[in-house]
Structure formats: structure tokens, C-alpha cells
Amino acid sequence: MFQEKVSANCLNIVPTSTEDDAFQKKGHSARVLSPEEAEKLAKDQVLVSEFKQLKLEKEAQKNWDLFYKRNSTNFFKDRHWTTREFQELKACREFADQKLTILEAGCGVGNCLFPLLEEDKNIFAYACDFSPRAVEFVKKNALYSTERCKVFQCDLTKDDLLDNIPADSVDVVTLIFVLSAIHPDKMHLVLRNIYKVLKPGKCVLFRDYGLYDHAMLRFKSGSKLGENFYVRQDGTRSYFFTQEFLSQLFKAEGYEQVVNEYVQRETVNRKEDLRVPRVFLQSKFQKPFRET
């Protein structure tokens, strides 16, 4: 792997190695749609009924619980790329063996949590998820240890994190493919909740779906809930972020922006001759130091 850095107005190109060939670009420019893609999105203006939208909101936890019942721990791959993409997990130490306290907000079944704990023996992790079933899967994992982590069920939009985590005690919060599953009107509540447990001067590391990701373009007519917001067939929902929306969301809750950029990947499956454009938003937002 190598990285070629170019001017500030251009993209960083980062060739990567995966099961399928891929290349990756980072920068501030959103993906440009093809004429066919633009036409498809322009035609898709009919929204899901208000009655069904209220039902989806009410049954959000049930739908995620059913998701984990169907897929167990097999749906998501372990995310060993986390420490590579977010060097802050190592760089934020003041000395080499300093113990870090992290919070994984929305831990699922531990696909990010357990690789982190394996790679870094000086981490203590708090981890929570909306789904009680996902939390149980984490606790049943052979790598789970109460000496290394504390896992609990939590609705981040309404359950106070201070019930499980001391105020101003967390060095790093990871928010990875979590916020997109929450209704846009409630996203600020998650950030407000996290803010209370994060140490001043420390950061939230964010990665989630970006505008015009391949997954957004695959939704069929009748799946649209609102601007950049869709429902899957299983009732779970997904929002696709713009750089501007995310920046405003964090800043409104008192965070300072450190990094906020699109990651564009084109995954190439040579065996099936498929090229799939993936778009993510990868960002870092800091809780300001207290005024002296």
C-alpha cells in the first residue's frame, strides 16, 4: 500500500488490497453521477407514507433485533482496517503504554470491538448497541472479558450514557456505520449524549455512508423516506451523508471539525467483471478544551 499526496484541491489516491481489487480516493468532492444515475434519482420522488414511517420508527429496535436473529454474527466482516484508517487510536497516547478508554457507540456483534482489543492490549472499551440481541452476541464471544470491556444495551437517542460511563472519561469514541441507521431528526441527540462522556480535547472518529454510494442507487422505488434517507426490505433504515450536513450536525452540538472528507472506492470484482462505486464519509470531530 502506498499513498500519493497531491494538492489540497485534489484527492488523495490510496490503492488498497482487498479480496477484490479496489482503489480509494479521499477528498472534499462528492461523487459525480452518471446521466443514468441522475435520472433514476430524479424520478424517485415518492415518499413512504407517514403512517408507515411512524411504524418504522416505533419498530426500529425490533427490526434490528430481527436482523441479528437472521444473520447472527456472520453478516459483517471483522473490521481490522480501523486502526489503519484511524491512526488516532494509537497517536492520541501521551506515552507509549498509556491505557486508553474508548467507547464504541453502536458496537453490533463486535466486528470492530474485538479486533481492536486484540491489536491493542492497553485499551479498555465501553461498547453499546440498540439491539439487545447484538449485545448478547458480544457477551457470548470467546474474546469477551469484563476486565477489558463493558458492554450494555442503549438507545443513544434517549438513554443517558452517564448511567454506564463516567463524565469526561473517554479518550476516543468510534461512531462507525451507526448514525446512518438513525432518523435524521434524532441524530443530534446521539452526538449530545456522546459529548457528555468524551474528555475535553478528545475526538469522535466517524465513518458512514456517503452521498451517492452504490447502496443508495440500488434502492427501488417506494423505499424513500426523505432526502438521502431510505428503508431496506427488512425495515432497517439508512441515511447517506453529505459533508455539509455532517459538519453542521456536529458543530451545532459544540464539536470542532478536524477532518471531514469523502472516501470514494471503486471495488472491482474481476471474476464477475463488476465495478461497484462505494462512497463513505470519514471524519474526526473534537470536543473543545475547557476554557481556563
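Partly exposed, in this talk, refers to a relative accessible area between the buried limit of under 20% and the exposed limit of over 50%. By that rule Lys 196, with a relative accessible area of 32%, is partly exposed. Please keep in mind throughout that the model before you is a predicted one.

Let me begin with the charged side chains. The structure holds 12 salt bridges, and I shall discuss three of them.

Lys 196 pairs with Asp 160 in a salt bridge, at 2.9 Å from N to O. Which parts of the chain does this pair tie together? Lys 196 belongs to helix 8, residues 187–197, while Asp 160 sits in the loop between strand 5 (149–153) and strand 6 (170–176), so the contact links parts that are 36 residues apart in sequence. Asp 160 is also partly exposed, because its relative accessibility is 28%.

Helix 8 contributes to a second bridge. The side chain of Arg 192 meets that of Glu 253, with an N to O distance of 3.0 Å. Arg 192 lies in helix 8 and Glu 253 in the loop between helix 10 (243–252) and strand 11 (256–269), so this pair ties together parts that are 61 residues apart in sequence. Are the two partners buried or exposed? Arg 192 is partly exposed, with a relative accessible area of 42%. Glu 253, by contrast, counts as buried, because its relative accessibility of 16% falls under the 20% limit.

Which residues make up the network here? Through salt bridges that share partners, Lys 55, Glu 59 and Lys 62 are joined into one network.

I turn now to the aromatic side chains. The count of aromatic pairs comes to 16. One of them is formed by Tyr 230 and Phe 240, whose ring centres lie 6.1 Å apart. Why is this pair classed as edge-to-face? The planes of the two rings stand at 75 degrees, and an angle over 60 counts as edge-to-face. Tyr 230 lies in strand 9, residues 229–231, and Phe 240 in the loop between strand 10 (237–239) and helix 10, so the pair ties together parts 10 residues apart in sequence. Both residues are buried.

There is also an aromatic cluster, whose members include Tyr 195, Phe 206, Phe 245 and Phe 285. Tyr 195 has a further contact: the charged end of Lys 287 sits over its ring, 4.7 Å from the centre.

Finally, I come to strand 6. How many of its residues are buried? Seven of its seven residues are buried, and the strand is mostly covered. On one side of the pairing scheme, strand 3, residues 100–105, pairs with strand 6 in the parallel sense over three bridges. Strand 7, residues 198–209, also runs parallel to strand 6, and six bridges join the two. Val 173 takes part in both pairings: Leu 103 stands opposite Val 173, and Val 204 is the bridge partner of Val 173 in strand 7. Between strand 6 and strand 7 the chain passes through helix 8, and this β-α-β crossover is right-handed.

Notes
Residues are numbered from 1 along each chain as its sequence is written. This is a predicted model: local features need pLDDT of at least 70, side-chain atom pairs count only at pLDDT 80 or more; totals for chains, interfaces and linings use all residues. Side-chain values use heavy atoms; hydrogens and water are left out. A salt bridge is a side-chain nitrogen of Lys or Arg within 4 Å of a carboxyl oxygen of Asp or Glu. Helices (H or I, at least four residues) and strands (E, at least two) are DSSP runs, numbered from the N terminus. Buried means under 20% relative accessible area, exposed over 50%, partly exposed in between (1.4 Å probe, protein chains only). Rings of Phe, Tyr and Trp (its six-membered ring) pair if their centres lie within 6.5 Å; planes under 30 degrees apart count as stacked, over 60 as edge-to-face and the rest as tilted. A charge sits over a ring if NZ of Lys or CZ of Arg is within 6 Å of the ring centre and within 35 degrees of the ring normal. Two strands pair if DSSP finds at least two bridges between them. A crossover is right-handed if, with the strands pointing away from the viewer, the path from the first strand over the helix to the second runs clockwise.
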